[in-house]
Amino acid sequence: MPPPISCAFPSSFFAGSLLIPPARSHLASLSSSSPRRLISPAAVRCSSALSDMDDVTSSSLFPLQRCKTVHLVRHAQGIHNVEGEKDYKAYMSPELFDAHLTPLGWDQVDNLRKHVKACSLSEKIELVITSPLMRTMQTAVGVFGGDAYSDGDNVPPLMVENGGNSERPAISSLNCPPFIAVEYCREHLGVHPCDQRRSISEYHPIFPAIDFSLVENDEDMLWKPDVREADEELAARGVKFLNWLWTRKEKEIAVVSHSGFLYHTLKMFGSDCHPIIKKEIGKHFANCELRSMVLVDRSMLGSDSSCSNYPGMIPRGPDLPSDIAHEETEKESVN
């Protein structure tokens with residue numbers, strides 16, 4: 001599990017990061033003498049209505065190098081979803097331990113995979129992060145993994161044939177981003193057997209090419225049979241997870257997680273936005289729904305320099321007449 005990242009925030013506003021749907025991502029320019037100073041929601045708004053055309057804060061700017069694009073995905077339909085919709089008490093059934101996908105769930109995975117390829121997301125994503133449970137890993141490799149695995153491939157598959165009672169062919173790890181399992185983005189911890197994971201040593205043979213190195217313990221030490229994680233605790237864990245993303249160099253990341261984790265985490269964001277945008281950010285995810293967000297670092301959690309900014313004014317210094325500036329530029333190029 002990634003190292004804990006400290007954070008402090010009011011009940012529905014967090015100053016470290018800002019999460020915005022890409023379609024709304026004309027992000028406000030946020031300046032601060034202190035990197036962790038709270039910025040008033042009244043001072044920065046993400047809305048853009050005709051009545052606000054004369055208000056500069058209705059438009060938004062933010063340095064590109066302090067942004068990441070995060071593609072959030074809820075796992076496809078699992079066997080626990082089917083039984084739980086019939087009777088909520090079914091979530092307590094030991095038979096639903098580490099629930100795997102249903103045949104319909106795999107159809108949902110196939111449809112999302114087609115969409116990801118059609119809109120070229122598969123070419124942009126640099127890293128896939130998945131919760132280390134059967135249903136999320138099956139969804140992750142099915143949507144973002146390579147094509148069918150061949151015995152001639154010189155790399156391990158992302159998922160072996162029939163992995164997790166899937167009745168699916170093996171999935172290749174070629175021509176796809178790396179996959180890493182992170183416990184921060186698990187579902188509510190405790191009580192429900194469907195949310196308890198297997199040991200990592202059991203997962204390794206099923207998902208050979210997923211990187212489990214960030215999972216500290218082989219056995220599930222986080223799930224308790226008699227204590228269910230509170231919504232507030234889950235939300236705090238979610239914010240820490242998003243902060244942890246700033247330790248990653250990748251700029252475009254897919255995250256495959258769970259309904260409760262996504263809902264309670266995203267509820268922490270959007271209070272400084274138009275109510276419609278806050279609702280857009282925080283609504284519940286359907287099975288196998290993908291929602292893309294722009295994650296903004298407004299508290300200097302990340303420190304990457306821009307790969308596209310250009311300093312201009314070469315040679316540096318005060319403006320010079322054209323002929324002198326040309327001579328100075330030639331001298332710099334020789335040196």
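What pLDDT does the protein average, and what share of the residues score at least 70? This is a predicted model, and its average pLDDT is 84, with 81% of the residues scoring at least 70. Some stretches fall below that. Over residues 1–15 the pLDDT stays under 50, and the model has 48 contacts beyond four places in sequence for them. Residues 26–54 also stay under 50, and for this stretch the model has 54 such contacts.

Next, consider a pair of helices. Two packed helices are described by the angle between their axes and the distance between the axes. Helix 2 covers residues 103–118 and helix 4 covers residues 134–144; their axes come within 8 Å and cross at roughly 40°. The crossing of helix 2 and helix 4 is right-handed. On the helix 2 side, the residues that take part are W106, V109, L112, R113 and V116, and they meet Q138, T139, V141, G142, V143 and F144 of helix 4. Sorted by class, this contact has seven nonpolar, three polar and one charged residues.

Now turn to strand 6, which runs over residues 290–297. How many of its eight residues are buried? Eight of the eight are, so strand 6 is mostly covered, where buried means under 20% relative accessible area. In a regular strand the side chains alternate between the two faces of the sheet. In strand 6, L290, S292, V294 and V296 point one way, while R291, M293, L295 and D297 point the other way, and all are buried.

Strand 6 also has a partner. Strand 2, residues 67–74, pairs with strand 6 in the antiparallel sense over seven bridges. In this pairing, K68 stands opposite L295 of strand 6.

Conventions:
Residues numbered from 1 in each chain as written. Predicted model: local features only at pLDDT ≥ 70, side-chain atom pairs only at ≥ 80, totals over all residues. Heavy atoms only, no water. Axes fitted to C-alpha atoms, helices over the stretch in contact; angles between N-to-C directions. Helix = DSSP H or I, 4+ residues; strand = E, 2+ residues; numbered from the N terminus. Left-handed = near helix turned anticlockwise from the far one by under 90°. Contact = heavy atoms within 4.5 Å. Nonpolar A, V, L, I, M, F, W, Y, C, P; charged D, E, K, R; others polar. Buried < 20%, exposed > 50% of the residue type's maximum accessible area, 1.4 Å probe, protein only. Pairing = 2+ DSSP bridges. pLDDT = per-residue confidence, 0-100.
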